[in-house]
Amino acid sequence: MHNKNPLDDNLRTEPRLPHNEVIYVEIKSSGAVESSELGPVIRASETVDISANGIQVRLSQPLRVGAFIELGIIREKTGDRYDLVAEVRWQKRLPGSVGYLVGLALLESDDTSIVEWKLAVSAMLGDDDPDHVRC
């Protein structure tokens, strides 16, 4: 029997870094959230884990699964900004909370910071990086 739980480590194709950091996600794409607000929506979020090609985050509002969104991520610890494009792959409501756990798949796209993001994640995966969370 195949477990389709998105949190199942057996489904992951690349190293994931358990990473707890406050990030600011700027949702630039219309239609990604059900909101009457016009223009970009900025949500404070907390990463659960990160990889070169994906991020798992906690958000207070749900996103539409399958939506393609533009993200502006600012790392609070370093001030580094990454402009990325992602697809909302899955989400689930967090029990006993008003929040959601959301899986975002980062996409290769022109005019984004995907290369810089991958280099930053690679550095974080290194044993000497102070952001590395050792389990």
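**View 1. Y82 and W117, the aromatic pair.** Y82 is buried, at 6% relative accessible area (buried means under 20%, exposed over 50%, partly exposed in between, with a 1.4 Å probe and protein chains only). W117 is buried as well, at 3%. The model is predicted: local features need pLDDT of at least 70, side-chain atom pairs count only at pLDDT 80 or more, and totals for chains, interfaces and linings use all residues. Residues are numbered from 1 along each chain as its sequence is written, and side-chain values use heavy atoms, with hydrogens and water left out. A search of the whole structure finds one aromatic pair. Y82 and W117 form this pair, with 5.3 Å between centres and 80 degrees between planes, which is edge-to-face. Rings of Phe, Tyr and Trp (its six-membered ring) pair if their centres lie within 6.5 Å; planes under 30 degrees apart count as stacked, over 60 as edge-to-face and the rest as tilted. Y82 sits in strand 6 and W117 in helix 1, so the pair ties together parts that are 35 residues apart in sequence. Helices (H or I, at least four residues) and strands (E, at least two) are DSSP runs, numbered from the N terminus.

**View 2. Surroundings of W117 and the nonpolar core.** Leaving aside neighbours within four places in sequence, W117 is in contact with I50, S51, A52, I55, Y82, L84 and L106 (contact means heavy atoms within 4.5 Å). The largest nonpolar core has 25 residues; L63, I69, L71, V102, L104, L106 and W117 touch the most other members. Two or more residues of this core come from each of strand 2 (22–27), strand 4 (54–59), strand 5, strand 6, strand 7 and helix 1. Helix 1 gives the largest share, five residues. A nonpolar core is a set of buried Ala, Val, Leu, Ile, Met, Phe, Trp, Tyr and Cys residues joined through side-chain atoms within 4.5 Å.

View 3. Strand 5 (residues 68–75) and strand 6 (residues 81–93) run antiparallel and are joined by seven bridges. Two strands pair if DSSP finds at least two bridges between them. I74 has R81 of strand 6 as its bridge partner. Five residues lie between the strands of this hairpin, and G79 takes a positive phi near 80 degrees. R81 also meets D83 in a side-chain salt bridge (3.0 Å, N to O). A salt bridge is a side-chain nitrogen of Lys or Arg within 4 Å of a carboxyl oxygen of Asp or Glu. R81 is partly exposed at 37% relative accessibility, and D83 is partly exposed at 25%.

**View 4. The hairpin of strands 6 and 7.** Eight bridges join strand 6 to strand 7 (residues 100–107), and the two run antiparallel. E87 has A105 of strand 7 as its bridge partner. Six residues lie between the strands; G96 in the turn has a positive phi of about 70 degrees. The side chain of E87 meets that of R89 in a salt bridge (3.3 Å, N to O). E87 counts as buried, at 18% relative accessibility.

View 5. The structure holds three salt bridges. In one of them, K118 pairs with E108, with the closest N and O atoms 2.6 Å apart. This pair links distant parts of the chain: K118 lies in helix 1 (residues 114–125) and E108 in the loop between strand 7 and helix 1, 10 residues apart. K118 is partly exposed at 27%, whereas E108 is exposed at 57%.

**View 6. Y100 in strand 7.** Y100 lies in strand 7 and counts as buried at 13% relative accessibility. Not counting residues up to four places away in sequence, Y100 touches V57, R58, L59, S60, Q61, P62, Q91, K92, R93 and L94. The side chains of Y100 and R93 make a polar contact at 2.8 Å. A polar contact is a pair of N or O atoms within 3.5 Å; within protein, one must be able to donate a hydrogen and the other to accept it, and residues adjacent in sequence count only if both atoms are side-chain atoms. Y100 and L63 are 37 residues apart in sequence and 8.9 Å apart in space, C-alpha to C-alpha.

**View 7. The whole chain, for orientation.** Of its 135 residues, 41% count as buried.
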